[in-house]
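I set out below what I looked up in this structure, entry by entry.

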Amino acid sequence: MNMFGGLCAEIAPTDLPEGASPLNYDVDFDIGAVYTRAGLNPVYSFQDLAAGPKFAGSGGQIPVNNVQWTTTPAGVDTVTWLNGQSPILWWNDFGFDLPQTGVTGIEVQISGHYTGPVSPECVLELTLTTDGRGLGIAKTFFFQTNDTTLTLGGPSDTWSAIAAVNEINTPGFGVQFYAISPGQTTSLFINAIAIRAFIAEGLNNVNWIKTFIENDDSTHTFVLDSQGVVWEEDVTHNPGVLVPEITTIYPEQFAHSASNLNEEWIMFSDLKKGTNIPRHGTNWDRVSQVGPGAPPSCVGNATGTNVWGIISITQEPRRSDPEHPGTFQDALWSASPTTDDPGNVLTVFYASARIENGHFVSLPDAHLVVGQAVNIEFGAGTQFASLNGTYIITNQGFARPPGASEDQNGERWMFTVQTVQTSSQNAQAHAQIAGTYQLTLATITLDKLATWQAGDQITIQGPAVGGWAGTYSILKAINGGQYQITGTSLTNGIATYDFTLVSGVLPTAGSIVTITGCVNGPFFNGSSIFNVTNATVNSVTGSSFTIRMAGQPNVAAAVENGNAVELGTVFQFDPGLSHLGLASDLGARPGVFPALSGTAQNPAGTVSLTGGLGAGVRQAVTIFETRNGYLTAPSPPVTFGTTTEDNSIVVSNICIGPPNVIARIVAFTPANGGFFFYIPQDITIPNAGQPLTYTSTRVANNSDTQATFTFTDGLLMASVSIDSPGNDLFNQIEIGASCWVVPYAARNFYGLMNNKVANFVNTTFDGGFLTPGQFNYPAGWTPEPNINSNNGRLVTSPVFGFSYYIFNPGPGTVEVLGGMHQSAFQDAYQVPIIRPNTDYSIRVDVRTPAGITNLGGQLLFDLVSYGPNPPVTGKLFASLGFPLSAMSTQFQTLTGQFLLKGNMPLTVPSDTILRLYASNLPAGADIEIDRFEIYPTREPTLTVDVMASYVDNLEAVDGVSGDLGISVTNNQPVIGAFTQFDLLYFLKTASMFSTQDSPTEEPALWKIREISNKIGTIGIHSYDYGEEWMITACRQGVYIFSGREPIKISQEIQPVWDAINWAAGYTIVVRNDVASRRLFIHVPLPTPNPWLPEALLNPNPTTPNVILMMSYKELQTAAALEDRGPVKVSFSGKLISWDMSRKWSLWQIPSPYSAFVRRPDGTEQLFIGNGRRNSRVYQLDQNALSDDGLAIPGLYTTYGFIQGEEARQYGPVVSMYRKLYKYSSYNISGAGMLKLRALVNDWMPTYPYEAPGGIELTCPGDSNREIPFNLEGQRLFLEFSTNHPEANFRLSEIILSIAKSPWAQVRGIN
Amino acid sequence: MSLLDLSKHTQAIQVRDRETAAALRLVENAINHMAKSSGSSPIGEPSAPSPIQQLDVKVSGETAHATITDNSPLTRNIHYFLEYATEPQFLAPHIEHLGTSRGRIINLPTNGDDGTPQNYYFRAYSQYPSSKPSEKVTFGQSHAPTPVVMQGVPTNGGTNMTLLPSTGSGTAAGNGQQGGFGFGKFQNRPAVLPKRSVGTNAGR
């Protein structure tokens, strides 16, 4: 026998043909051979795994005897002292974010030197407090006189009392340093200090592994352990080393990810529902996030009238060489200022740049600005008189004209312009030349105050000199300005405003200001008394000014976020090339226009602001722009109006976002319009004079809360729409935690997503806040007036974005703290939020950082309608508490039933609110809520909805047009998806569907087609791919799908398949190795069982403990794999086996996950995550004789020699009845001791025969090994096994001598 | 313009079934021919045409004659659209579908309902039936369209009629506020829903 097939469990062992196997495990197959499977070798070494070196984020010192450390300009800390202990220097905030696996040691590196007669004894201590106080865990050392770097501690040095991971992760962790001088003046110099923390290996399973290849081929491996740490291996630059990457995943979770647009997109789940926020990119930001929780405040910037009289328009005087007025030092028309080669550059050397007595004899003209216009006029009759005209300045500075003195006396101040014609050779004055120049920059003086700002567009109409008519942009306010009001107070009738300058000039006593947006003090007519119009500034002191408010009560100082505008009358603009002159120039210079001059009573014309903002009702929303380029859903809208007099919109209350937000965008509707647009960048439109500039509506930071935008509706509507199909930000959702993600058609498709009520506002607290510098209530929430709202505030979440933190500083337990609420009735678009006749539950991610869990207290959510007399007649519809006793110092998800539908009237009261607060919080206790979600109890997970992103915008998921409801024929959950033949297939538990990209339609309109109504997949990892075919594991078996109907390929092991613990079937993992042609299926298989009789007791496995391995070598196509089962019926009707067929073996490798991982050499290796709680990732290694030290229990059992047809074939030699098995010979090699058993008649006989002493194997085997038997029976199974850490075997031939039983061919009885 | 390409599949099919492969080639050619003839694309969306070069408007009485100059490379079934509004921002313009013609003579009232003369502003663009529209070109400067005033009969000052609000065209919004859409920028116009219509999935 030289054919060794795989396990065939469906046919009775006694009926198996030659080559099939009734029992084998932990073996692998070649064509014509069977051998012990490869062993498992750990891939990653966790020894000396370190975080760091990290450097201090802050530090300080404790002086001793008034001696202090100082820092040199080079950043070296130094001190000189005489005797005893030096002052103490300390560093902390090293920024560690260690996983909870534990710390094995700490290493400190310090660099420096000393000067003095004797090296002082230096002392370094670990600290855990922000004041630098030492812990007494000290090490001593000595510096040398030259700079050296000393290393203290190490990978296993715990410094006597190592700190816990949580303590090292705090900013207080650090070191302090001092030295002791032996009584002589000594100086110390410290250059740098750094700390490394060495991390313990951990005792975890490995639940997920994934390769991520960047566009530049840089390769990374991500590993998720059951502790909840995602590790990263930099395969390209530092292979074999795992570094903790994300440490905030909950324990015992799994992951599924996709590489798309050069990023990895990871979903975390328990394999059935999403559990942690999905993450992506280099910062591991959340995949999608909520938009701002509150709208901006907007007012049209109206002045009451937009027409002013022009008192004057003046321009700069004509200028020339100060030493020789009326002339230039030189003039050159050439290729450049320093050559006389022909060209079109006209250089005016307008003054000498020589230095006398240490000073320039003439200073450069500070008014010359490249890009602005200048008029040049050479004297009549000079050689350049024909070039007289107005030009744009192309360069300015100093240069030495050709032929000038080589010393500094030859250098001259100059500017250049570009001429139309090209000069001839040597077109240079070479001497003083008559000429003057004049800049076109104009100053306009108005007859009354205006609030113009830089960038405003003005239109001059009816000027005394007609040529000035036109539209220009204001460059600068000479008087007047805009200020941010940061604080207000009122004392004895004097209101004080603290301000910062936004634009223009500082106010002065007598300035006229208009102030808006203040909220301090009493309100009259709905506005704070600090909001005034055209008030006169009384005094200005530093960054404060005062205004008289006689008769008003005193008001305490408070922080403000207001806006003030000082009116001005004098502004500058540049009219450009065709507007230049003085009064005397009228008529003297054709094509230019002299200055205007009028009076208040008789202005020289009028000027108006060029608004472009049509009159009408508008809406505005704020949008967060993240560092990933993602634009969030908009805030709720604000409605406001603009008039024909408005030329800009002043926006305040622009929400400040979480730390990953880099800009905010304000989108507007045009007047009376219904669609929103924003202008992504400033727009400059060429004009006859200077270009017209309109502002972007993007605030390019995450700090400013005010901005003024100038645009026209035409420009706005030509900019970016945010409510169009394919980019409808209003329909964007923050995707819930999902189980899987699959890329297709430049989109991401997310599945098994957590459901939630999407139109509550800012329940993740990532929707920002409104008051800069103050973390208080999250935007969209209101402090609850009917309960205590104190002691609640936003904090930066260690998970992502912000979280809401409630703290009781004591003394004593407080009944209610941190209360806030929002509407539960309708959202800003009148869409119902809480619906009647629906049960709701809450899932909340929460912790108590202080860890006080045994003294009572809880986090409460209420649905309440107060009615007209709050809170006396309030009606409580629902209340759900999460006690502190259920929380820990680490975040976790808690869930509970919230609203029972019978408790809510069929008409939801319009004043129904959702309120959140802490109840009975003990002193010192706290609650930190990272996020919460309210969801319909009956549908916690969107099982039949697959949510698709927009094209090339993978975080942007449209909750309407991106929702593929895969519920065509059933409501089975969509477990996974894959692409094949340009189609996207969806796998449900027992059915399969497909769809196809329709480039002009969003996915909700794509057609869904049924592929199979029986076959799907069982878990999110229970399918894998081949060469344009797919293999899936489902309850019925293992199926291959190549585009036709799914074909079963596991019928031969169906009894094994049926024995799987299907309650944990969703944990099955399928991996297909197209290179070595093997299929690996991780299954939870109760043991022991008939196919693993020696396995350890594990009757109810909840995670895969066995790998079903199928070798399909030489089966090169899906069709071959479908057809080539282990046995078939020959043409003659005989049951036969064949070698090139599917060959199964059970591998006893407990493993929750495996994946093919790209290695530095470009190959892809199967990495197997351990299921033995040792934190290791394994690789199959054919040279390894053990599984990381554990024996590989390889066993192979042949069919029963020989079948009846074979016996008939050998006629009179071998009996059809009882036979005598006399002798055997084996082509077998390997290592260690092989156990050979001969099993007579039955594969599990009561009395098996075992070859005495076993067979000592060698590799290579010298010759066939021979074993005599002399056994009688109907058939004989041969069983080969090794079970020792240093043993394996390879069997490729069996020769068995069989004859008729010489004693009794039949037994003669039953 | 992306055409249907079944060659990869027909080659594979031809090995097994030449008749089916030949039939598929015929279908492929027919679909592509139909797409070319109609200025559409069987796969995806054709590129928007290049912008027209110029729009001219001439007025006499209450008749305006608008002509489009378009020297861009074209394929058959190019369509042109003319839009006019009574304010320069084209907040809700009225749309004239010119078909494949590059000119149109239209009558417009000189005054509004109250007898106040109205300014008219014009712009135009081109589009293939399944492409996005081209960039719009305005009569006058893009940021400062030139107003056109109808010249009603001097004896009575011209017709008084304020136009009804525009209702748009194609798959653009029905309130006329999506000017410049021509046939539409999107294949489908979903039913009008409140913004942020993403609510709970409860009760499905």
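**Conventions.** I worked from a predicted model, in which local features need pLDDT of at least 70, side-chain atom pairs count only at pLDDT 80 or more, and totals for chains, interfaces and linings use all residues. Residues are numbered from 1 along each chain as its sequence is written, chains are lettered from A and ligands numbered from 1 in the order in which they are written, and side-chain values use heavy atoms, with hydrogens and water left out.

**Chain A overall.** I looked up the secondary structure of chain A and found five helices and 107 strands. Helices (H or I, at least four residues) and strands (E, at least two) are DSSP runs, numbered from the N terminus. The C-alpha trace of chain A spans about 140 × 90 × 80 Å along its principal axes. Chain A has 1310 residues, of which 57% are buried; buried means under 20% relative accessible area, exposed over 50%, and partly exposed in between, with a 1.4 Å probe and protein chains only. Among the contacts (heavy atoms within 4.5 Å) in chain A with a separation of 6 or more, 71% are between residues 24 or more positions apart.

I traced an open sheet of five strands in chain A, ordered E68-E71-E76-E73-E74 with antiparallel pairing. Strand E68 (782-783) and strand E74 (875-883) of chain A each have a single partner strand and stand at the edges, so one side of each is left without a neighbour in the sheet. Two strands are taken as paired if DSSP finds at least two bridges between them. Strand E73 (residues 858-865) of chain A pairs with E74(A) in the antiparallel sense over eight bridges, and A:Ser865 stands opposite A:Lys875 in E74(A).

I then turned to strand E19 (residues 230-234) and strand E20 (residues 238-246) of chain A, which pair in the antiparallel sense over five bridges. A hairpin through three residues joins E19(A) to E20(A). The bridge partner of A:Asp234 is A:Asn238 in E20(A).

**Nonpolar cores.** A nonpolar core is a set of buried Ala, Val, Leu, Ile, Met, Phe, Trp, Tyr and Cys residues joined through side-chain atoms within 4.5 Å. The largest such core has 59 residues, and A:Leu124, A:Phe177 and A:Leu188 touch the most other members. Strand E16 (residues 186-199) of chain A gives the largest share of this core, six residues. I noted a second, separate core of 47 residues, which includes A:Ile1168, A:Tyr1178, A:Phe1289 and A:Ile1294. In soluble globular proteins, nonpolar side chains tend to be buried together.

I examined A:Phe96 and A:Phe173, an edge-to-face pair at 6.1 Å centre to centre with 70 degrees between the planes. The pair links distant parts of the chain, 77 residues apart: A:Phe96 is in the loop between strand E10 (88-92) and strand E11 (103-115) of chain A, and A:Phe173 is in the loop between helix H1 (165-168) and strand E15 (174-181) of chain A. Both A:Phe96 and A:Phe173 are buried.

A:Phe978 and A:Phe1041 also form an edge-to-face pair, at 6.4 Å centre to centre and 75 degrees between the planes. A:Phe978 lies in strand E82 (residues 974-980) and A:Phe1041 in strand E88 (residues 1037-1041) of chain A, 63 residues apart. A:Phe978 and A:Phe1041 are buried.

One aromatic cluster is formed by A:Phe765, A:Tyr777, A:Trp781, A:Tyr804, A:Phe861, A:Phe882 and A:Phe932.

A:Ser489 lies in strand E40 (residues 481-491) of chain A. A:Ser489 has a relative accessible area of 17% and is therefore buried. Not counting residues up to four places away in sequence, A:Ser489 touches several residues, including A:Ile494, A:Asn520, A:Phe530 and A:Val555.

**Chain B.** Domain bounds come from an automatic or database domain assignment; for chain B it gives domain 1 (7-38) and domain 2 (47-184). The C-alpha centres of domain 1 and domain 2 of chain B lie 43 Å apart. B:Ser38 lies in helix H2 (residues 18-38) of chain B and counts as partly exposed, because its relative accessibility is 25%. Leaving aside neighbours within four places in sequence, B:Ser38 is in contact with B:Asn77 and B:Pro129.

Methods. Rings of Phe, Tyr and Trp (its six-membered ring) pair if their centres lie within 6.5 Å; planes under 30 degrees apart count as stacked, over 60 as edge-to-face and the rest as tilted.
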